[in-house]
Structure formats: structure tokens, C-alpha cells
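Here is a short briefing on one structure. Keep the sequence and the 3D view side by side while reading.

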Amino acid sequence: MVRHGVVAYGGRPVLHGVSVSVSAGEVVAVLGANGSGKSTLVRAALGLVPLRHGSAELFGTPVRRFRQWKRIGYVPQRVGAGSGVPATVREVVAAGRLARRGLLRPARAADREAVDAALAAVGLAERAGEPVGTLSGGQQQRTLIARALAGEPELLVLDEPTAGVDAASQAAFAAALRGFVAGGGTVLLVAHELGPLQPLVGRAVVVHQGEIVHDGPVPRPAGHHADPEHDHVHPHPPYDLPGLWNAQ
Amino acid sequence: MSIFQYDFMIRALIAALITGATAPALGVYLVQRRLSLIGDGIGHIALTGVGVGLLTSHSPVLTAVLVATAGAVAVELIRQRGRASGDVALAILFYGGISGGVFLVSLAADRSSTNLTAYLFGSPLSASRGDVVVMAILGGAVLLFGLVLRPWLFAISQDEEYARVSGLPVRTLNLLLAVGVAVTVTVAMRAVGLLLVSALMVVPVATAQQVSRGFAGTMRVAMLSGVLAAGLGIWISGTRDTAPGATIVLVAIAGFLVAAASSGALRAARRARARVPAPPTSAPPVPVSARDEH
């Protein structure tokens, strides 16, 4: 579904010829330390970062010629924290519907219902009229997930959806994702740690210094991370990679 | 209100009201992208268009629209490149625009008695019937563009990268927005002048932000506040014989100060009430609701 042989970025290579493909119905997590290139990998797949060599395909079409964007729901790393003008939660989520709506076509009942459903799925239905800027970080993140869900995509691409998100939002987010996967959706998510999402993830791709060092079952956490009750506080020190990824 | 028995005052009022509604309708997108000063730069470039018009005996409004549009497209292309040197490129473009304008107008000075000040700071009182008609047509087109395309323009202004992954024609919409800004600047030239255009694109939006919760609400309140400032400004300048463009802008700024002070007081009151449990009968004043129905 998403295929690469990638190298990328300015003068400095960030990815050294990596190849990944995701099939329909899979839930794949791209794991790695900060600066490992895991976000770049996913952004290259979406055509947001140019490839120096290699190719990226979405649903079998080279990304440059890909036009069926409504099949993809993208959740970027975090809203451009508070844009100049306030926007309500509903307004932001409704923007996710535009991929399906088509230019200049007025909103129909189905569009409004999809927005309502997406808001409900992330547990923000009652806050729809509030300015996004007044929500907590976790609620803002849920708004972005609702925006992606509003387009009723087949593939959900999430870039660090749980980074710095409070426990309540993480749980709401995991529930929303569970619902999406149960409906037959495919998920590609970039994460630093999986937290409550772990049971959902079927396959993990571990990126380390621009190369894929693991592609298969989710590695078993080791050391400090092995404690299921461990209190993970962000921002946190560089990933303790050796202890984790060499433990398998 | 007896000043409005004169036709030229009526024309001035209409010209100002068109500007008051149009400028914030596009300005809201610029403020959202934190490009509040772009309108000012495009106003500078438009002055070259005025100079070209005067020198070649064409309508200065027409040539200003053309030159400002070309300038706005150039600005947008520089912005899309996102280079660090883009900042300097913009400065050269803007100052080149204003000095080119002054230069050309001075060349044309022996041919026409036009006062440069009229274009820089506005002269709604001298607007002819034809001027007002042109303003109404251009202003109406810009207003329609800003209102009808709101969901899409909102999407590209709020999160451009996401809009690209949504498959929206981001580049085309950006260029259209740039052209819209250029036309707005030219429309407003008559009423408040090229140096003050940007104020009417930004100040009413800042005022609206104090009271609204959403984007659509901000846009509506900004247009309302722009229209009020324009109407009140023309009335004051007509009765007190003050410079109309500057008066309109000062009224708009006064409106912003009032809105900022009252919303600050309201927040403080609400915080105080939150600390001391209030009787449930005192419903908190609800700010302008911003339910989006598009």
C-alpha cells in the first residue's frame, strides 16, 4: 500500500534507502527515538517531503499522481498552536470533511453528520462550540483526530498522536482508534511509545538513525519501560534504545 | 446627519462602507496566517500602478488593480518558496513599489493636477459616481469570494500541510487569495488610502477576536465593526472636517480598545465569580456565538 526505497532531505541524509509497505487492514506503528527519521518516513510516504531516490506509492499510485486524498486521514504532529484567529472545535473538524466535499459544493446533511460522528468518537461533542485554543493539549490532539475521522478515510496516518497527551485523552484516543480499526480501517502511526495503544498494534517498524532495524511483532518493552504502571513524563531523555530494542 | 444632504457625502459614505465590509472579510485570512502586514506591502506596490495609470492617462484604479495583482502573486510565490532571503525580497518589492509610484506620479505631475496624498491617505469626498460603481463591483466580487470560499480558505490558512494532504488545490487557492487581497487594496485606496488599507484589513479582525469564539463569528463581527468604523468615521470627518481616511482608522482602533477593555473586564468578572460561588440566576453574558453552519 505504501512502498518506499527512500533517501531524503537537504544535504543530510535522514533515511538511508528504507522500504516499508502497509497492507489494508493492518495497524502498523513506526517506532523510534527523536530524530531517528520515523516522522520523515511517514511524511515522505504522503508526499510532504521530497524523496531524493526511490519511490512512494499510495494505494498503488505514485504519490505525485495520487488524487484520491479522501481515502487518507492525516493527523499531523500538533496544531500550529493557536493560529491568529480563533476557531471552534467544530470548524477545525469540519475542515477534515473538505476532502470528500469537493470545491464549492455546499455542506450536506451527510457532511454535518460525519462531523458530529467524528466529534462523538473522540468524546468532544459537548465542546464543539468552544475555541480550540482554550482546550488542553490532549483535547487539541483529539480535535485533530476527529478532523481526520470526519473525512471517513480508509487509511489513518498519525504522527505522534499521543506525545504529551493526558491519560483521559489517551484513553479517548485509543477508543476512537479501536472503533476505526473495527470498521476495517488501516492505521499507520508514528509513536515514541505506544501506551494504551499497544493492544491495537499488530506490527511495529523500528527506525534507528535512518534505517529500519526491526519490522515485525511489537517488541517487548524492557527495563524501566517494562513496568506497565511506569509513569511516563514528557519531555523525556533520549530514547533508551539499546535496552529496549536489543532485548528482543 | 444633515451633512448627508450632499451627494458627495453620500458617495463618500458608500465608498467607505464598501471598504469597511470588504477589507476585514479578506483581512481575516491574513491575520489567521500571521501575515497582517502583507496588505500594507501590497498597498505600496499598488502605488506604482497608480503612477502608471496617471502617466499613461488610463484609469489609475484599473492600472493599480493590475500592478497590485502582479505584486501579490510575486509575494505569494516568494512566500511559497519559504526562503530566509524571502524577507529581504519582500522589502525590496514593497519599497520599490512605493518609490516607483512616487517617481511616476511626479513625472505625470505636469499632465494632471493629481495630489499624491489622495492616493496615499484616501479622498472619499472626491469619489465620482463612476468611482463608486467600480468600487461596488470589485468589492462585491471580493466579498463573494471571501464568503463563498470560506471553508476552503479557512482550511489552507489554518493548516496548509493538512490541506495539501486533503487534496485541496492549495497553490491555486493561495494565489486566488493573493489576487483577492490586491483587489481589496485597490478598492480601499479611494476611501482610506494605500498606506492605511492594511489597518482596515487587520484592526476590525483584532476587535472581533476579543468577543468571538470561532472563525466564522470573527469574520462576521469584523465585517460589522469595519462597516461601523467606516460609517462613523465618515460622519465625524464630514461634521468636524477631519481627514476621512485617518478618522476611519482611528475610530476602528478606538473600537478595538473598547472591545479589548470590556472583554478583559468581563474575563476578570467571570474569574471573580468562579472564585465566589454566585447565585445561579446570574447567567454569564454569552459572547457572540460562533456556530459554524457551513
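In this predicted model, the buried residues of α12(B) are covered by elements that include α1, α5 (116-121), α9 (170-192), α10 and α11 of chain B.

**Helix α12 of chain B**
- The helix covers residues 244-275, 32 residues in total.
- At 1.5 Å a residue, α12 of chain B should span 46 Å; its end C-alpha atoms lie 47 Å apart, so the two values agree.
- Its buried residues are B:Pro244, B:Gly245, B:Thr247, B:Ile248, B:Val249, B:Val251, B:Ala252, B:Ala259 and B:Ser263.

**Extent of the interface**
- Chain B puts 33 residues in contact with 35 residues of chain A.
- About 2900 Å² is buried between chain B and chain A. Carbon and sulfur atoms account for 61% of that area.

**Polar links and make-up**
- The rule finds 6 residue pairs in polar contact across the interface of chain B and chain A, both residues at pLDDT 80 or more.
- Helices α1 (7-32), α7 (150-158), α8 (160-165), α10 (197-211) and α11 (215-240) of chain B each supply at least two residues of the side that touches chain A.
- The largest share of that side comes from α7(B), with 5 residues.
- On the side of chain B that touches chain A, 16 residues are nonpolar, 9 polar and 8 charged.

**Salt bridges**
- Between chain B and chain A, the rule finds 2 salt bridges.
- B:Glu161 forms a salt bridge with A:Arg43; the closest N and O atoms are 2.7 Å apart.

Notes:
Residues numbered from 1 in each chain as written. Chains lettered and ligands numbered in written order. Predicted model: local features only at pLDDT ≥ 70, side-chain atom pairs only at ≥ 80, totals over all residues. Heavy atoms only, no water. Contact = heavy atoms within 4.5 Å. Buried area = accessible area lost by both parts, 1.4 Å probe. Salt bridge = Lys/Arg side-chain N within 4 Å of Asp/Glu carboxyl O. Polar contact = N/O pair within 3.5 Å; in protein donor to acceptor, adjacent residues only side chain to side chain. Helix = DSSP H or I, 4+ residues; strand = E, 2+ residues; numbered from the N terminus. Nonpolar A, V, L, I, M, F, W, Y, C, P; charged D, E, K, R; others polar. Expected span 1.5 Å × (residues − 1). Buried < 20%, exposed > 50% of the residue type's maximum accessible area, 1.4 Å probe, protein only.
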